Amino acid sequence: FPTRRSSDLISQTSSGDKLTAQEIAGKSRNAYAALSSYSDSGTVVSEMAGQNNTLTFNTRLQRPNLYRIDWTPATGLKGVLSGSDKGVVWSDGSGDYFLTTAAGQEKNAKSQKMQNMKRALTQASGLSWSAASTIPGAFFNQDLGDVFVAPVASGRHPLQKEEDAKVGDVDCYVVSSVMDFSKIPDNKGKPGTANTMLWIGKRDFLIHQCRTKYVEKVDSSAPSDQAIDEAIKKSLEMQKKSATPEAVAAMRPQMKAIMKQVQSTLKSGFESGVVFTQTHENISVSQKFSLTDFAR
């Protein structure tokens, strides 16, 4: 199969400017369903409490069940959403695997075999800031709980058409949706919203950029003594120290202060809004990959 850039695909409509938001979403679902393979690279930028952090990623997908998504946070990240581990999630036909590694620990890292594709991609979603779930969810038509792609992929959420815009040199339709967390099943009435905008290419109907602003009410009550002690034990374990009663008691005032500061930062950030912007570049479709292209 010859490799084609997504921009080379013929437009699916001759009256695109008259399309409704729901029609655009439907054509996007059809576009992903028609692809035999997909690859891209890109970035996710997080904005919270005046701090911006960046993560880079690479995506490779091929039917029926081959995939490889890796991500690397930028060095010198700051804030509670900065993260520090790079990771990869993949299936080369022998199973579904997940791996994260801290800087300098790559040689000692061991992969984890997952139950299935959905479990692997869902677990990788948060750590990759949704890079491992947005396009894979659309391509494989899997509900991975990703609010980026849910409005388009599921067809169950109300959509609004915004003013057309460009992502780089790609002309895009822009659609938006607002998701109320309190109305999501199994969310236990947790208050908050996710306002999502998607930039969908006019020629290829693929997602070139998505941006979600989360606004969430955070519980500001003081952490329990049990939660503090559990955090201390995990910290001592990571330092390969024994979690004796004396060691836990010695760290308790410090850990309480740290958790209070983190909670305050989370409350300030989430209630003022956390923004994730995911941009997809170097999109290529209909390329024939080998199994080795999906190996760790």
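Reply: A search of the whole structure finds nine aromatic pairs. Rings of Phe, Tyr and Trp (its six-membered ring) pair if their centres lie within 6.5 Å; planes under 30 degrees apart count as stacked, over 60 as edge-to-face, and the rest as tilted. Tyr214 and Phe276 make an edge-to-face pair, with 5.9 Å centre to centre and 85° between the planes. This pair links distant parts of the chain: Tyr214 sits in strand E11 (residues 207–216) and Phe276 in strand E12 (residues 274–285), 62 residues apart. Helices (H or I, at least four residues) and strands (E, at least two) are DSSP runs numbered from the N terminus. Tyr214 and Phe276 are both buried, meaning under 20% relative accessible area; exposed means over 50%, and partly exposed is in between (1.4 Å probe, protein chains only).

A word on ground rules. The model is predicted: local features need pLDDT of at least 70, side-chain atom pairs count only at pLDDT 80 or more, and totals for chains, interfaces and linings use all residues. Residues are numbered from 1 along each chain as its sequence is written, and side-chain values use heavy atoms, with hydrogens and water left out.

The protein has six helices and twelve strands. Of its 296 residues, 44% count as buried. Among contacts with a separation of 6 or more, 60% come from residues 24 or more positions apart; contact here means heavy atoms within 4.5 Å. The accessible surface comes to about 15,700 Å², and 50% of that belongs to carbon and sulfur atoms. Areas come from the Shrake-Rupley method with a 1.4 Å probe.

Which residues of H2 are buried? In this helix (residues 117–127), they are Met117, Ala120, Leu121, Ala124 and Ser125. They lie on the same side of H2, because they cover an arc of only 140° around the axis. That arc is taken from the directions from the helix axis to the C-beta atoms.

Look at the ends of H2 next. Asn116 caps the N-terminal end: one of its side-chain oxygens lies 3.3 Å from the backbone nitrogen of Lys118. Beyond the helix comes Trp129, with a positive phi near 55°. Ser130 also has a positive phi, near 80°. Ser130 is in the loop between H2 and H3. Its relative accessible area is 12%, so Ser130 counts as buried. As background, most residues other than glycine have a negative phi, and most peptide bonds are trans.

Trp71 is in E4. Trp71 has 0% relative accessibility and therefore counts as buried. A polar atom of its side chain lies 3.5 Å from the backbone oxygen of Leu127. Asn58 is 13 residues from Trp71 along the chain, yet their C-alpha atoms are separated by 6.6 Å.

Leaving out residues up to four places away in sequence, Asp70 touches Thr56, Phe57, Asn58, Gly87 and Val88.

The loop between strand E3 (51–62) and E4 holds Pro64. The Arg63–Pro64 peptide bond is cis, with omega near 10°. Arg63 also lies over the face of Phe139, 3.9 Å from the ring centre. A charge sits over a ring if NZ of Lys or CZ of Arg is within 6 Å of the ring centre and within 35 degrees of the ring normal. Phe139 in turn belongs to an aromatic cluster with Tyr67 and Phe140.

Last, Asn141 is in the loop between H3 and helix H4 (150–153). Its phi is positive, near 55°. Is Asn141 buried or exposed? Exposed, because its relative accessibility is 64%.

Terms used. Polar contact = N/O pair within 3.5 Å; in protein donor to acceptor, adjacent residues only side chain to side chain.
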